Amino acid sequence: MKSKSSVTRRNRIAALAGIALISIPLMLVPVLRAGHAHSAEMQPTALSMQAMSGSLADIVEADRPAVVTVIANIHAQEAQEGGGPQFGPGSPFDEFFRQFFGENGPMHSQRPMPTQPPQQQPKPQAEALGSGFIIGSDGTIVTNNHVIDGATEIKVIMDDGSEHVAKLVGQDAKTDLAVLKVESGKVLPTVSWGDSETLRVGDAVVAIGNPFGIGTTVTSGIVSARGRDLHNGPYDDFIQVDAAINHGNSGGPLINMEGRVIGINTAIYSPNGGNVGVGFAIPSAVAQRVVEALIKDGSIAHGYLGVRIQSVTPEIADALGLKDKNGALVAGVEPDSPASKGGIQAGDIILTLNGKAVRDSRDLSRSVADLKPGATQNIGVLRNGKTIDVNVAIGDGNVTPKTPQQQPALDGEQAVPDLGIGLSTNPSGEGGGVVVSLDPEKPGAMAGLREGDIISGVNQQAETSPSAIADAVHGAAQAGRTSVLLQVERGGQQVFVAIPFAQG
C-alpha cells in the first residue's frame, strides 16, 4: 500500500519547462563570443585529461557553439492545455503544470492583442522556450517534442546570436524527441553522440541549455542514478543527474567528459518549481535510434501488444510457488488487441520474447515498443505451472485506442475472514466479487485493497462468486502459503495483488 508521503513525492516530479511561457518577445538572446566547432580531429582523451585537471573549459568551448535556443510560437489556449510533455491527467507531472502553466501560475502569459469584436479576434499567441543541439552541419537539430509540440512557428537562435526559422522534420511523443532543420547557408558546428550504456553512477557530466531565457548556461554534476522510471511510458529509463537544470533546459544536451552527448535533458523533480539537484535525461542509446528514424521517415513506429503488466515481486512469486521473480505478470488483456487475438490471458507470466528472457515488466514494455508493427512474434508464457508458446502479430502503438473505464455498482456482502474483507456479488454478472467492507487492521486493507475493487481470481484461478473467493483464499492459508495472489480490477484496470496472511 502506498503511503501518503510516497504519493506526494511522486506528484512532485515535474517536467522541465522547456516550455517556459514568456509574455514578451525573447529579448534575452545570448551575446556570446564565437566558439570553435566541435572537430572530428579533437581527441576525446585530451578533453578527458583536461577535465581531470579541474577545468571543463575545453569541453564547453568545443560544444557550446552547437547548443541552440528553441522558441516555439503556440496558441495560448493550446499551450495552457498541452504545453508540455504529453504525460496525461493524473500523471506525476500534472501538479507541476497546473502550478506553472495555469491561469494563475507564474509562467502563464500571452501577448496582449488589439481589442476586436469576439468573432474577429485572432487566437492569442504565446512563446515556448527550450533548448536543442546541432548534430548535422547542414542544420539538423535535436530537441524535446514537448518544446515544439503544437507550434505554429519554430525559431532557433544560434550561439552567435543569429536567428533562423526552423522546419519540423519529425517528432515522437512516446520518447519526447523531435528533429528540426534550419537553412543557415553555412557549415554549422556540431556535437557527436556518445554511448550512454557505458555511463556509471558517479561519472561527471555537463548540461548546456538556456534556462529561463537568460542565455546559454553551463552547469556540471555527476550521474546520480541509472534506469529511473517516471511512470510515463515504455521508454522510461532516464539518467538521473545532480547538475543544475531548470525551465528552458529541455532539449539541451547532457555531455560526458569526452565532449559527447550521452543524454537529452528532459525533466526535473521539483517540490518548488526550481532546481533541487534531481534532473532526468533521455539516454543517448534511446535518442540516437529514434532521431535517425525521425530524420529518415519523419516518424517512428512503436509496437503494441495490448496487455497491462506488472513485475513479479517476491510476494507474487511466493503466492504462485515460483522459484524466481523473472518475467512480467499479465494483469489484464485489452479486448480485440494483438495479445487477445494471440491467446494471451490475464494471469499469464511472460517469460520470453522471441527466445530472449524477459527480466521484468519494464524490460517487456521497452522490448515490445521497439518491435515493428505487423510482425509475428513468439512469446513464451507460464500458465498454471506450464510453459507454453503463443504467436502474436504485433500492433501499432501509435494508433491504439484507449479503453474506457467503468466503475461497477455495489451491493451485498460475504465475509473473507482470512483477509478481513467483505464481498458482494459482481453486479455486472461476470463473476467474482466486489469489496464492500475492509477491516483496517487486517491484511486486505493493509495490502491496499479498496471498497469497490472487483476480485475475479485467486492464485491464477478464476472465481465466480464471493463464496468461491472466500473458499479459495482459506484453502491457500490452510495449505501453508504465506500469501495469496488476487486478481483485482479497479477503475477498469486489472492488477494482481499479493497479500501476506497475518502471522501469529
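How many aromatic pairs does the count come to? This is a predicted model, in which local features need pLDDT of at least 70 and side-chain atom pairs count only at pLDDT 80 or more, while totals for chains, interfaces and linings use all residues. Residues are numbered from 1 along each chain as its sequence is written, and side-chain values use heavy atoms, with hydrogens and water left out.

Rings of Phe, Tyr and Trp (its six-membered ring) pair if their centres lie within 6.5 Å, and planes under 30 degrees apart count as stacked, over 60 as edge-to-face and the rest as tilted. By this rule there are two aromatic pairs. One of them joins F133 and W193, edge-to-face, at 5.8 Å centre to centre and with 80° between the planes. Because F133 lies in strand β4 (residues 125–136) and W193 in the loop between β8 (177–181) and β9 (204–209), this pair ties together parts that are 60 residues apart in sequence; strands here are DSSP runs (E, at least two residues), numbered from the N terminus. Both F133 and W193 are buried, that is, under 20% relative accessible area with a 1.4 Å probe, protein chains only.

The rings of F238 and F280 have centres 6.4 Å apart and planes at 70°, so this pair is edge-to-face. F238 belongs to strand β11 (residues 238–241) and F280 to strand β14 (residues 279–283), so parts 42 residues apart in sequence are tied together. F238 counts as buried at 8% relative accessibility, and F280 does so at 4%.

Strand β5 (residues 140–143) is covered on both faces, with T140 and V142 buried on one side and I141 and T143 buried on the other.

Methods:
Helix = DSSP H or I, 4+ residues; strand = E, 2+ residues; numbered from the N terminus. Buried < 20%, exposed > 50% of the residue type's maximum accessible area, 1.4 Å probe, protein only.
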